[in-house]
Amino acid sequence: MCNTAESNAMAQIDFPCTEETCGGVVKFDLKDIVKGDFQAVCPKCGKQYPLDAEVRDKLTRMLKLVLALRRLIKY
């Protein structure tokens, strides 16, 4: 899916943990979602954020868009 230059590029997603008392930030690279065993986890409290097939599909399409834009601007 990615050439060498694209495989080194990052497309990071981050969002605040939904646990009220946590305050952690869940971060992951869009490229990680194509891994079958990927699980988004808060590094502070350990809460898991499961990504169902529909969400994985949308994030995969977002990754493809990011990579296409990088090719256009030769990032």
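Tutor: Ile-73 counts as exposed, because its relative accessibility is 61%; exposed means over 50% relative accessible area, buried under 20%, and partly exposed in between, with a 1.4 Å probe and protein chains only. The model is predicted, so local features need pLDDT of at least 70 and side-chain atom pairs pLDDT 80 or more, while totals for chains, interfaces and linings use all residues. Residues are numbered from 1 along each chain as its sequence is written, and side-chain values use heavy atoms, without hydrogens and water.

Ile-73 belongs to helix 2, residues 53–73. The chain has 2 helices and 4 strands, in the order α-β-β-β-β-α; these are DSSP runs numbered from the N terminus, helices being H or I of at least four residues and strands E of at least two.

Together with Leu-65, Leu-69 and Leu-72, Ile-73 forms a nonpolar surface patch of about 450 Å² accessible area. Areas follow the Shrake-Rupley method with a 1.4 Å probe, and for residues only the protein chains shown count as cover. Patch residues have over 30% relative accessible area and no salt bridge, with nonpolar side chains (Val, Leu, Ile, Met, Phe, Trp, Tyr) joined within 5 Å and like charges within 9 Å. A salt bridge is a Lys or Arg side-chain nitrogen within 4 Å of an Asp or Glu carboxyl oxygen. For the chain, the accessible surface is about 5300 Å², 56% of it from carbon and sulfur atoms.

The largest nonpolar core has 15 residues, and Phe-28, Ile-33, Phe-38, Ala-40 and Leu-59 have the most contacts inside it. Its largest share, 3 residues, comes from helix 2. Such a core is a set of buried Ala, Val, Leu, Ile, Met, Phe, Trp, Tyr and Cys residues joined through side-chain atoms within 4.5 Å. Leaving out residues up to four places away in sequence, Ala-40 touches Val-26, Phe-28, Lys-47, Gln-48 and Tyr-49, where contact means heavy atoms within 4.5 Å. Of the 75 residues in the chain, 31% are buried.

The cysteines form 0 disulfides in the whole structure, a disulfide being a pair of cysteine sulfur atoms within 2.5 Å. Cys-17 is buried at 9%, and its sulfur is 3.7 Å from that of Cys-45, too far for a bond. Cys-22 is buried at 6%; its closest cysteine sulfur, in Cys-42, is 3.5 Å away, also too far.
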